[in-house]
Amino acid sequence: MSADRPAFRIIGIDPGLRITGFGVVEAGARLRYVTSGTVRSNAEESTAARLKAILDGLAEVIRETAPREAAIEKVFVNVNPQSTLALGQARGTAICAAVLAGLAVAEYTALQVKQSVVGNGHAKKEQVQDMVRRILGLPGTPSPDAADALACAVCHAHGGKLGALSTLGFSVKRGRLV
């Protein structure tokens, strides 16, 4: 990032039907942590009520933090089709929250995010948490869901599709952009 580039906020989102992580960073000459946390839905409620909780929770975070861009983790295909479908619904809801707020949305695979933040596309969750803590100078380790969302925002700030450098046209091979 260049020093003359004006600072702007990015919200990273790690979608999940039970727990959706969010993390907001300010990208400019340096990355600065703004906030992070989770939006939780009640497993006892209907799927529609849970998706509404995600939509409302993310809309509130977006309203309060005023990001300009959103970075959302792509869904990977699970062994269980029901889990994959539920995750896809949560992800679609997160995208809708960003789009309804007028944000530009970029999507990243877990491999791209881990490669960008840890340097290894197959890094463990603990490694992602530790590197996010180090990169953003946090006093403590964020929860796994918040760390994944912050990592997504950091990945975007470090040259994602809408950032200073483009990854458009690249593919991922063995956890690296090629």
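Predicted model: local features only at pLDDT ≥ 70, side-chain atom pairs only at ≥ 80, totals over all residues.
## Overall fold

Residues are numbered from 1 along each chain as its sequence is written, and side-chain values use heavy atoms, with hydrogens and water left out.

## Surface and contacts

Of the 178 residues in the protein, 45% are buried (under 20% relative accessible area; exposed is over 50%, partly exposed in between, with a 1.4 Å probe and protein chains only). The accessible surface is about 9,000 Å², and carbon and sulfur atoms account for 53% of it; such areas come from the Shrake-Rupley method with a 1.4 Å probe, and for residues only the protein chains shown count as cover.

Now for contacts (heavy atoms within 4.5 Å): among those between residues at least 6 apart in sequence, 58% join residues at least 24 apart.

Ala94 sits in helix H2 (residues 81-100) and is buried, with a relative accessible area of 0%. Beyond its neighbours within four places in sequence, Ala94 contacts Ile13, Leu58 and Ile72. Its C-alpha lies 9.7 Å from that of Gly57, 37 residues away in sequence.

Ala66 belongs to the loop between helix H1 (47-65) and strand S4 (69-73). Ala66 is exposed, at 55% relative accessible area, and its phi is near 50°, a positive value in a residue other than glycine.

Notes. Helix = DSSP H or I, 4+ residues; strand = E, 2+ residues; numbered from the N terminus.
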